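Start with the overall make-up and then go through the parts by topic.

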Amino acid sequence: MIDRERESLMEFSQVINRRHSVRDFTDQPVAREDLLDIARAALTAPSWVNSQPWRIYIATGTTLADIKAQHRAHVDAGDGGHSDFPVMHRTDWSPDAQANMAGLGAQIGEYFGDEGRAFAASQSRLFNAQAIAYLTVPVGSSQCRSTTSAACR
Ligand SMILES: Cc1cc2nc3c(=O)[nH]c(=O)nc-3n(C[C@H](O)[C@H](O)[C@H](O)COP(=O)(O)O)c2cc1C
């Protein structure tokens, strides 16, 4: 393997190992070209029969400010989420998965130190994200249309 290839493999493993969920972004804006690069990279993902059914919408500026204000209003009103896809209640997940969820809860409490209130506050501000990319798939994608499919019975 030539050095250049080895270098890019290392870079890729670093990307994987260094990735983590950021729960409080700085105010530093993200360059439009960087956002487009991220979207272009996402669009190279494989898909069933190469259908590529997704769309990517990137919200910044006043659009993002409106989204944040609406999100905040829903949080303040105590509204729950409205998932487009059916979501199993957390108590129905496997014991291992539930232990992982409990572990995250404990970590959040430990890190934020005030029973997770700072975390909840940051979440209600959408983590101060300077841009949000929404990846969408067509409405009804998760519904079964074929009664012959085992997954649909
Ligand atoms: C589908 C999905 C939904 C998630 N929802 C939230 C969320 O609502 N709030 C949050 O703080 N993190 C959320 N996360 C991040 C996970 O909590 C996080 O990936 C996990 O704790 C592992 O941490 P890491 O990403 O830093 O490795 C979500 C991750 C995924 C994949």
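This is a predicted model: local features need pLDDT of at least 70, side-chain atom pairs count only at pLDDT 80 or more; totals for chains, interfaces and linings use all residues.

Residues are numbered from 1 along each chain as its sequence is written.

**Overall fold**
- The protein has 5 helices and 2 strands; helices (H or I, at least four residues) and strands (E, at least two) are DSSP runs, numbered from the N terminus.
- Along the sequence these elements come in the order α-α-β-α-α-α-β.
- Of the 153 residues in the protein, 1% are buried. A residue is buried if 20 or more other C-beta atoms lie within 10 Å of its own, exposed if 12 or fewer, and partly exposed in between, with C-beta atoms placed from the backbone.
- Among contacts between residues at least 6 apart in sequence, 71% join residues at least 24 apart. Two residues are in contact if their C-beta atoms, placed from the backbone, lie within 7 Å.

**Helix α4**
- Helix α4 covers residues 95-112, and its end C-alpha atoms are 26 Å apart, which agrees with the 26 Å that its 18 residues should span at 1.5 Å a residue. The expected span is 1.5 Å times one less than the number of residues.
- The count of buried residues in α4 is 0, and the helix is hardly covered.
- Glycine 113 follows α4 and has a positive phi, near 70°.

**The two strands**
- Strand β1 (residues 55-59) and β2 run antiparallel and are joined by 5 bridges. Two strands pair if DSSP finds at least two bridges between them.
- Arginine 55 has threonine 136 in β2 as its bridge partner.
- Strand β2 (residues 132-136) is hardly covered, with 0 buried residues among its 5.

**The loop between α5 and β2**
- Most residues other than glycine have a negative phi.
- Leucine 126 is not a glycine, yet has a positive phi of about 50°; it lies in the loop between α5 (117-124) and β2.
- Leucine 126 is partly exposed because 16 other C-beta atoms lie within 10 Å.
- Phenylalanine 127, also not a glycine, has a positive phi of about 60° and is in the loop between α5 and β2.
- Phenylalanine 127 counts as partly exposed because it has 15 C-beta neighbours inside 10 Å.

**Around the ligand**
- The residues around the ligand are His20, Ser21, Arg23, Leu104 and Gln123; a residue is near a molecule if its C-beta atom, placed from the backbone, lies within 6 Å of it.
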